Amino acid sequence: MLFTHSASAADRLTLDDAFARVGQAHPDLRLAGGQRNVLNAELDRASFRPPLVVGASAENVLGTGEASGLSGAELTLTLASVLERGGKLDARRALVQSRIDSLAIQREAKRLDLLAEVARRYLAVVSAQKQREIADLDIAQRRRTVAGARERLNAGASPESVVLTAEAMLARAELERARAVQREAGARQHLAALWGERDPNFQVVATNPMALPKVSGFDELTTWLARTPEIAQFAGEQRIREARLQLARTQATPDIDWQVGVRRLQATDDFGFVASASMPLGARTRAQPEIRVAEAELALLEIERESRNISLYSTLADAHARYLSAQLEVRRLASDVIPKLGRAEAAAERAYRAGAISYLEWAQLQSERTNARKQQLEAALEAQRALIEIQRLTGQPFVAAPAERVSGETP
């Protein structure tokens with residue numbers, strides 16, 4: 001995603017390096033493994049049949065008359081359990097298995113979200129670097145202005161106020177550079193926090209945010225959108241809700257409690273076989289509310305899917321439009337505006353040193369040139385942010401080819 005370069009040293013971090021660190025260290029991606037262990041245990045539990053219950057009972061003991069002591073006792077040993085009906089065992093296992101199957105899609109959706117966040121934070125570091133470079137160029141311009149103003153002051157052709165004004169503008173440019181340095185340090189710390197690094201000592205590899213790739217047409221992007229994990233999750237959720245509905249329906253079939261055993265009659269020293277079975281009444285009626293809940297949740301899923309589709313489509317449309325608009329702005333500034341301002345500023349410098357124009361005219365052109373660079377950088381960053389969103393939604397790693405790099409006087 002975004003743009004990548006290879007690092008030449010261990011302390012130089014590329015975007016791919018950042019992706020790898022997050023993939024290894026971020027707990028949200030390790031969470032799926034722990035959840036799978038939990039669900040595997042739940043699957044084992046759901047696979048158990050009702051247990052066999054061994055029991056013993058004594059009747060007619062410690063009473064009075066013929067029942068005094070143990071002379072009239074009836075001792076019974078029993079074995080009991082529940083005969084599950086309606087496919088409850090299979091329904092329980094199907095529900096847990098559907099939850100296990102959905103973990104992979106959930107992890108992929110989380111992975112794409114994390115990669116997008118890494119790209120955004122990496123882009124913030126690059127942004128600060130480029131702002132510092134623009135400030136360096138502005139400082140170089142302002143230093144030439146100060147030198148020119150002093151020459152004219154020494155020649156008696158300009159008042160001292162012009163020199164002081166030029167020095168103030170130089171100081172402002174130096175302040176802007178210092179702010180960019182601070183922003184870069186903060187952005188680097190924010191990036192490192194994604195893999196738990198508290199004291200980052202790496203340097204982000206310099207990249208060119210003006211390198212904007214060609215993005216597919218909107219119609220093609222929407223076809224990829226249909227396969228995004230955010231939509232695929234609904235298929236997994238549908239299987240889960242269908243399994244819940246099936247489990248609820250099995251409750252309408254009552255289970256049978258059974259018991260068998262052997263009874264000993266102490267008075268006659270005889271043995272007898274005992275057996276019993278019972279089944280609750282009204283199971284179908286009691287199961288109906290839970291069935292209706294499961295049916296309503298399953299029907300609601302289609303509405304949720306439709307709502308999510310609309311939201312993703314709208315987000316993709318907005319990101320695509322923002323990307324194309326920002327890409328056009330970057331190219332026009334590079335091909336038309338900035339080169340012409342550069343030539344105009346150079347001409348203004350020659351004219352000022354010759355005494356043909358005032359300091360304000362030269363300084364104004366310098367400001368316009370710097371502002372145009374800043375505008376181009378901001379447009380490029382806006383395009384990159386939109387590109388990251390498009391990549392997150394479609395899962396497609398658009399990469400800028402060398403032919404797509406914007407030419408022109410850009411830092």
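Helix axes are lines fitted to C-alpha atoms over the stretch in contact, and the angle between two of them is taken between their N-to-C directions. In this predicted model, the axes of helix α4 (residues 160-192) and helix α8 come within 11 Å and cross at roughly 10°. Angles under 35 degrees count as roughly parallel, and α4 and α8 are therefore roughly parallel to each other. On the α4 side, the contact is made by V162, T165, A166, M169 and E176. Helix α8 contributes Y359, S367 and K374. By residue class, the contact of α4 with α8 divides into four nonpolar, two polar and two charged residues.

Y352 and W362 are both buried. The ring of Y352 has a further neighbour: the charged end of R152 sits over this ring, 4.9 Å from its centre.

Another of the aromatic pairs is formed by W195 and F202. Their ring centres are 5.9 Å apart and their planes stand at 45°, so this pair is likewise classed as tilted. Both W195 and F202 are buried.

Conventions. Residues are numbered from 1 along each chain as its sequence is written. This is a predicted model: local features need pLDDT of at least 70, side-chain atom pairs count only at pLDDT 80 or more; totals for chains, interfaces and linings use all residues. Side-chain values use heavy atoms; hydrogens and water are left out. Rings of Phe, Tyr and Trp (its six-membered ring) pair if their centres lie within 6.5 Å; planes under 30 degrees apart count as stacked, over 60 as edge-to-face and the rest as tilted. Buried means under 20% relative accessible area, exposed over 50%, partly exposed in between (1.4 Å probe, protein chains only). A charge sits over a ring if NZ of Lys or CZ of Arg is within 6 Å of the ring centre and within 35 degrees of the ring normal. Axes are lines fitted to C-alpha atoms, for helices over the stretch in contact, and angles run from 0 to 180 degrees between N-to-C directions. Helices (H or I, at least four residues) and strands (E, at least two) are DSSP runs, numbered from the N terminus. Angles under 35 degrees count as roughly parallel, over 145 as roughly antiparallel, 65 to 115 as roughly perpendicular and the rest as oblique. Contact means heavy atoms within 4.5 Å. Ala, Val, Leu, Ile, Met, Phe, Trp, Tyr, Cys and Pro count as nonpolar, Asp, Glu, Lys and Arg as charged, and the others, Gly among them, as polar.
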